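Good morning, and thank you for coming.

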Amino acid sequence: MKFFVDTADVEAIAELNALGMADGVTTNPSLIMKSGRDILEVTKEICEMIDGPVSAEVVALEAPAMIEEGRKLARIADNIAIKVPLTWDGLKACKVLSGEGHMVNVTLCFSANQALLAAKAGATFVSPFVGRLDDINIDGMDLIQDIRTIYDNYGFETQILAASIRNVNHMKEAALIGADVATAPPAVIKAMAGHVLTDKGLEGFMKDWAKTGQKIL
Ligand code: G3P
């Protein structure tokens, strides 16, 4: 499973990229707002740092304007994936932009039928929002599984990009189901390294090592 980093914080992206943990980046209007940066500037900076796809989202609501915004975003760098919402207009924009050879990430997907439409419209990625479904007592991972089954039934090449990932269990479950990508905040990716038994084991080793009086360096 590829890891995308769900942030526009360039320092956090750089740290994960240095470890090979940033196969791509996803942003959205809320994350751009949080960064306090200009969308074109910060997206360019991220694209220069990362080899993989960097999603930048359109904000128009009608297809013609979405297409124009998408073309402008795509001019930032070759690794831009244009993010459009999963609306009827977003699907129209997806069809045109993917037909022009751009990567398109169809976002705000909350149902298997929406994901089926995104694949039919030529999406490179579909982004089902796991955490926001969990928030309303619907198991977000069931949606990832349903989309996996549907895409595999018909050989759709659209990649499932599990989004709105909130915790380490979401990462594990997405990987078990076979999501192609999971996009997560940097803190969630870093938290995957944590285990109470690792901490406890290390503490024991350090205590015993001190008793030996030895040094390696
Ligand atoms: O990947 C989509 C993400 O940015 C939304 O996450 O936590 O606001 O639902 P969240």
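This is a predicted model: local features need pLDDT of at least 70, side-chain atom pairs count only at pLDDT 80 or more; totals for chains, interfaces and linings use all residues.

**Strands, ligand site and loops**

Strand S5 (residues 103–109) and strand S6 pair in the parallel sense, over three bridges. Strands here are DSSP runs of E with at least two residues, helices are runs of H or I with at least four residues, and both are numbered from the N terminus. Two strands are said to pair if DSSP finds at least two bridges between them.

Residues are numbered from 1 along each chain as its sequence is written, and side-chain values use heavy atoms, with hydrogens and water left out.

As for the overall picture, the protein chain has 11 helices and eight strands. Its C-alpha atoms fill a box of roughly 70 × 40 × 30 Å along the principal axes. Of the 217 residues in the protein chain, 46% are buried. Buried means under 20% relative accessible area, exposed means over 50%, and partly exposed lies in between, with a 1.4 Å probe and protein chains only.

Let me return to the strands. In S5, five of the seven residues are buried, so the strand is mostly covered. Strand S4 (residues 80–85) also pairs with S5 in the parallel sense, over five bridges. Within that pairing, Pro 85 stands opposite Thr 107 in S5. From S4 the chain passes through helix H5 (residues 88–99) to S5, a right-handed β-α-β crossover. Right-handed means that, with the strands pointing away from the viewer, the path from the first strand over the helix to the second runs clockwise.

Which way do the residues of S6 (residues 125–128) point? Phe 125 and Ser 127 point one way, Val 126 and Pro 128 the other, and all are buried. S6 is also joined by two bridges to strand S7 (residues 159–162), and these two strands run parallel. The bridge partner of Phe 125 in S7 is Gln 159.

I turn now to the ligand. Which residues are around the ligand? They are Asp 6, Asn 28, Phe 129, Arg 132, Ala 163, Ser 164, Arg 166 and Thr 183, where a residue counts if one of its heavy atoms lies within 4 Å. Oxygen atoms of the ligand lie 2.7 Å from a side-chain N or O atom of Asp 6, 3.0 Å from one of Asn 28, and 2.6 Å from one of Ser 164. The protein covers 81% of the 310 Å² of accessible area that the ligand has on its own; accessible areas come from the Shrake-Rupley method with a 1.4 Å probe.

Ser 164 leads on to the backbone. Most residues other than glycine have a negative phi. Ser 164, although not a glycine, has a positive phi of about 55 degrees. Ser 164 lies in the loop between S7 and helix H9 (168–177), and is buried, with a relative accessible area of 10%. Asn 137, also not a glycine, has a positive phi of about 65 degrees. Asn 137 sits in the loop between helix H7 (130–135) and helix H8 (140–154). Is Asn 137 buried or exposed? At 75% relative accessibility, Asn 137 counts as exposed.

The 17 residues of helix H11 (residues 196–212) should span 24 Å at 1.5 Å a residue, and the end C-alpha atoms are 25 Å apart, which agrees; the expected span is 1.5 Å times one less than the number of residues. Just after H11, Gly 213 takes a positive phi of about 70 degrees. In helix H2 (residues 29–35) we find Met 33, which counts as exposed at 64% relative accessibility.

Conventions. A polar contact is a pair of N or O atoms within 3.5 Å; within protein, one must be able to donate a hydrogen and the other to accept it, and residues adjacent in sequence count only if both atoms are side-chain atoms.
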